[in-house]
Amino acid sequence: MLLSYPSGFCFIHIEKAAGSSIQDALRPWAGEKRSRLRRRLAWLGPLNRFGGLYRAVQFPEHAIAREVQKCLPTEAYNSMFKFAFVRNPWDRVVSRYAHLLRSKERRTSGIVSRMESFEDFVNWEIQRGAFQYTYVTDERGKQIVDFIGYYERLNEDFAKVCARLKIRAELPHANVSPHRDYRTYYTPKTRELVATQFKRDIELFGYNFDGLA
């Protein structure tokens with residue numbers, strides 16, 4: 001997650017949806033300072049609203065919008081341009097699979113590399129949940145960010161973000177997980193498993209197996 005009070009934006013970082021590239025591009029406008037104290041302050045909730053203490057908060061990398069909303073004064077949260085980027089759930093599962101196979105230093109990489117098939121990974125992954133809609137909605141399911149961009153039209157939608165913020169930034173290629181066309185990984189069974197597990201993401205963001213509906 002990237003939050004900037006001077007530039008007035010809050011980027012909600014959904015994993016495996018170009019979030020690392022977007023953060024790298026926007027970091028010069030964030031004035032971000034990392035510290036253990038700031039990270040702890042993020043979860044003090046209403047206490048952060050007093051005396052401007054909330055400005056010292058640093059949220060976790062993948063903080064969801066509803067937690068940010070709880071920690072900031074209402075006027076501060078409402079005045080910011082809040083946005084996130086989402087990705088086709090079938091493509092996102094394959095991207096995570098490729099990423100974990102390449103990230104040899106991660107404990108989960110060993111778990112994944114020992115799996116016999118992609119189907120095994122899908123069954124393992126859907127137990128994790130990792131829904132995208134939870135990042136951008138409140139407890140009632142209402143969207144609480146101002147803009148949702150799409151990985152499938154990344155450059156176009158990122159340009160809209162820059163125009164809204166009145167900045168000029170270019171996207172680097174960060175944390176890329178190369179793989180062949182995601183559709184080639186699926187059987188009818190695994191395709192349906194993802195469709196069932198991530199039904200809410202698919203419906204809310206307008207996806208089908210081949211991309212945007």
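A disulfide is taken here as a pair of cysteine sulfur atoms within 2.5 Å, and a search of the whole structure finds zero of them. The structure is a predicted model, in which local features need pLDDT of at least 70 and side-chain atom pairs count only at pLDDT 80 or more, while totals for chains, interfaces and linings use all residues. Residues are numbered from 1 along each chain as its sequence is written, and side-chain values use heavy atoms, with hydrogens and water left out.

The secondary structure comes to 11 helices and six strands; helices (H or I, at least four residues) and strands (E, at least two) are DSSP runs, numbered from the N terminus. Of the 213 residues in the protein, 50% are buried, where buried means under 20% relative accessible area, exposed over 50%, and partly exposed in between (1.4 Å probe, protein chains only). The accessible surface comes to about 11100 Å², and 50% of this surface belongs to carbon and sulfur atoms; areas were computed by the Shrake-Rupley method with a 1.4 Å probe, and for residues only the protein chains shown count as cover. Contact means heavy atoms within 4.5 Å. Among contacts between residues at least 6 apart in sequence, 70% join residues at least 24 apart.

Attention now turns to the sheet. Four strands form an open sheet in the order β1-β2-β3-β4, and the pairing is mixed; two strands pair if DSSP finds at least two bridges between them. Its edge strands are β1 (2-4) and β4 (147-150), each of which pairs on one side only. On average, neighbouring strands of this sheet are turned by 20° against each other, direction ignored. Axes are lines fitted to C-alpha atoms, for helices over the stretch in contact, and angles run from 0 to 180 degrees between N-to-C directions. Strands of a sheet pair through backbone hydrogen bonds, either parallel or antiparallel. Strand β3 (residues 81-86) runs parallel to β4, and four bridges join the two. Phe85 stands opposite Gly149 in β4.

Two helices can be followed onto this sheet. Helix α1 (residues 19-26) packs on the sheet and touches β1, β2 (9-12) and β3, with its direction at about 160° to that of β2. Helix α9 (residues 154-165) also packs on the sheet, touching β2, β3 and β4, and its direction makes about 175° with that of β3. Asp157 is found in helix α9 and is buried, with a relative accessible area of 1%. Not counting residues up to four places away in sequence, Asp157 touches Phe85, Phe147, Gly149 and Tyr150. In a regular strand the side chains alternate between the two faces of the sheet. In β4, Phe147 and Gly149 point one way and Ile148 and Tyr150 the other way, and all are buried.

The aromatic side chains come next. A pair of aromatic rings is described by the distance of the centres and the angle of the planes. Rings of Phe, Tyr and Trp (its six-membered ring) pair if their centres lie within 6.5 Å; planes under 30 degrees apart count as stacked, over 60 as edge-to-face and the rest as tilted. The structure holds 17 aromatic pairs. One of them, formed by Phe81 and Phe83, is stacked, at 5.4 Å centre to centre with 25° between the planes. Both Phe81 and Phe83 are buried. The ring centres of Tyr182 and Phe209 are 6.0 Å apart and the planes are at 75°, so this pair is edge-to-face. Tyr182 lies in the loop between α9 and α10 (188-197) and Phe209 in the loop between β5 (207-208) and β6 (211-212), so the pair ties together parts that are 27 residues apart in sequence. Tyr182 is buried, with a relative accessible area of 10%, and Phe209 is buried with a value of 10%. One aromatic cluster is formed by Trp90, Tyr97, Phe118, Phe121, Trp124, Tyr182, Tyr185, Tyr186 and Phe209.

Most residues other than glycine have a negative phi, and most peptide bonds are trans. Ala130, in the loop between α7 (118-126) and α8 (133-136), has a positive phi near 55°. Ala130 is buried, with a relative accessible area of 17%. Lys166, in the loop between α9 and α10, has a positive phi near 60°, and Lys166 is exposed, with a relative accessible area of 76%.
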